[in-house]
Every structure is written in structure tokens, then in C-alpha cells.
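The following note sets out comments on the model, arranged as numbered points. Please read them alongside the sequence and the structure.

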Amino acid sequence: MSYSVGQVSAFARVTVRMLHHYDRVGLLSPSGRSHAGYRLYSDADLARLQQILFYRELGFSLDEITTILKDPQANVMEQLRARQRKLREEIARLQRLAEVAEQAIEVQQTGVVLTPEERFDVFGEIAFDLSYATEAQLKRRHSDGQREAMARAAAHTKEDWRRLMVEAAAWRAELLGAFDDEEPSDGDRTMDIAEEHRQHLTRWFTPCSPDMHRRIADDFVADPRAFALVVPPSQQRPGLAAYLCKAVHANASRSVGSHSTSEEER
């Protein structure tokens, strides 16, 4: 059977102009012509077009395709392997770009409005995994506390963040000291450290009740990204996240107990 250029264009989903170009460069010339001089493509021509489109989809140039189709002895497998390697490299490059775009989106969502240079200068090695911060925001976006925390984070200046991080570093040193000294997680020293963290959150983000602090501490154990927000991986010890979580829970119970006692004394 023979097919007109319009018919081939329709069912091969290529433009008539492209078919004309393939004809001009000698890549795909129709086998026949109608009495009126119009191009007519045979089944063999369509099979060749299918090969061309396959190689084009893989990113081969027209010159490369011409070479492949012209020489039956051409090492097609080697060319396909080379193309596969390039495609994998391109996929990796695009994946990196997608991750950069995702991080840029997450930076906007977390409310930490600093340039990358400022972020590195202020946060240093603290492993701020923004995917965790974004998930936390989305999960708790209807919470008044979460909205307030994000609003206050967005209002912090570079100097605010710097002071916050200095305060956090001093607190972290106390935590590591208690852990290395093998202080019990429910001892007064460790519970005081947990209380300092709760007050830190209240001071810089949003009022943090003992119950809210428990939930935050539970995340430290459940998700390494959450714990990296308070202790960078280079300073972490095995069992430290659980140690802090237990201290927070003990301090929360102490706080609730103290509050109940005060109410009874009234």
C-alpha cells in the first residue's frame, strides 16, 4: 500500500514539514510519486520512519541516524550503550536540578528567608533537612501554634538567627555534657536541660506546652531529620535522641506535677 504525506503525518504524529526535511537530507525519501507528483510512502518507508523516530527519541542526531541506517554492519549495540550512558548521566543531572528546585521550594515554605550564603554562615554544620521542616509545616498547617511559629520564623533577621544558634549551641553543649557524664535521663540536671529547650522554642517560635514538647521529642526518635535540627550528625551519639526524648517526657511530667501542686496549694 501507498500513503500520502498527509496520511503519514497523521498516524506517525510528525509534521509534514519534518517529512519534507527528511526527504531533502536523504534520510527518508518516499518510494513513489502519484501521477500529480505527490509523495507516496510504502510500508517499507514507514518501517524506516519508525526506526528514525526511535533513534530520535533516544537523542541521536540526524547525521548519526543516517550513518546507522546506511551501514547494516554498524555497531548499533555499542551506539545504543553509549546513548544509554549519556541518558543516565542526563537523568542524574536532572535529578540534581529537581532536588535543588525542591529545596528552593522548601526554603520558601519553612519561612527561613536567608540567602544560601547567609544560611551557611548562620547554621554552619547543623543539618537542616528542609524536607522534614516542610512536612512538619504541612502536617500541622492548621495548628495555631504552627502558624505562629512560621510567622515568627519568617520575621527573624539574620542577627536573630545568629543569636538563636548561639543559644542553641550552648544548650547542645549542656546536653552532650550530661549524656557523656551518664546523668540519668530523668535526673534534675537533664530535666533542666530539657526545660531549657522548651523555653528556647517558646522564646523564638511559639509557646511550647509540655504536651507539645513531648510530641516534638517523639519526633527526635522517630525521624533522624528532626533530631538533626538540634544536634548535627557529627555531634550525635548512639542513644542520644532517645536520651533527650526521655528527659523531655520526664520534665513534662515534672512540669504537670508542679502545676497540679501549685493549684492544690491555692
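1. The protein contains 13 helices and 3 strands. The model is a predicted one. Of its 266 residues, 37% count as buried. The exposed surface comes to about 15,900 Å², and carbon and sulfur atoms supply 54% of that area. Among contacts with a separation of 6 or more, 60% are between residues 24 or more positions apart.

2. The mean pLDDT is 80, and 74% of the residues reach 70 or more. Among the elements, helix α10 (residues 188–204) has the highest mean pLDDT, at 94, whereas helix α7 (residues 130–139) has the lowest, at 49.

3. Two stretches call for separate comment. Over residues 127–131 the pLDDT stays under 50, and the model has 15 contacts beyond four places in sequence for this stretch. Over residues 260–266 the pLDDT also stays under 50, but here the model has 0 contacts beyond four places in sequence.

4. The strands form an open sheet of 3 members in the order β1-β3-β2, with antiparallel pairing. Strands β1 (3–4) and β2 (32–33) are the edge strands, each pairing on one side only. Strand β3 (residues 39–41) runs antiparallel to β1 and is joined to it by 2 bridges. Within this part of the sheet, Ser 4 stands opposite Leu 40 of β3. Helix α3 (residues 43–57) lies across β1 and β3, and its direction makes an angle of about 80 degrees with β3.

5. The structure holds 14 salt bridges. Side chains of opposite charge can pair when their charged atoms come close. Three of these pairs are discussed below.

6. Which residue forms a salt bridge with Asp 23? The partner is Arg 39, with the closest N and O atoms 2.8 Å apart. This pair links distant parts of the chain, since Asp 23 belongs to helix α2 (residues 16–24) and Arg 39 to strand β3, 16 residues apart. Both Asp 23 and Arg 39 are buried. The two residues also belong, together with Arg 33, to a network of salt bridges.

7. A second salt bridge brings together the side chains of Arg 162 and Glu 159, at 3.6 Å from N to O. Both residues lie in helix α9 (residues 158–180), 3 residues apart, which is about one turn of the helix. Is Arg 162 buried or partly exposed? Arg 162 counts as partly exposed because its relative accessibility is 28%, a value that lies between the cut-offs of 20% and 50%. Glu 159, with a relative accessible area of 40%, is likewise partly exposed.

8. Asp 180 lies in helix α9 and Arg 237 in the loop between α12 (224–227) and α13 (240–265), so the pair ties together parts that are 57 residues apart in sequence. Asp 180 counts as partly exposed because its relative accessibility is 43%. Arg 237 has a relative accessible area of 30% and is therefore partly exposed.

Terms used
Residues are numbered from 1 along each chain as its sequence is written. Side-chain values use heavy atoms; hydrogens and water are left out. pLDDT is the predictor's confidence in each residue, from 0 to 100. Helices (H or I, at least four residues) and strands (E, at least two) are DSSP runs, numbered from the N terminus. Contact means heavy atoms within 4.5 Å. Two strands pair if DSSP finds at least two bridges between them. Axes are lines fitted to C-alpha atoms, for helices over the stretch in contact, and angles run from 0 to 180 degrees between N-to-C directions. Buried means under 20% relative accessible area, exposed over 50%, partly exposed in between (1.4 Å probe, protein chains only). Accessible areas come from the Shrake-Rupley method with a 1.4 Å probe; for residues, only the protein chains shown count as cover. A salt bridge is a side-chain nitrogen of Lys or Arg within 4 Å of a carboxyl oxygen of Asp or Glu.
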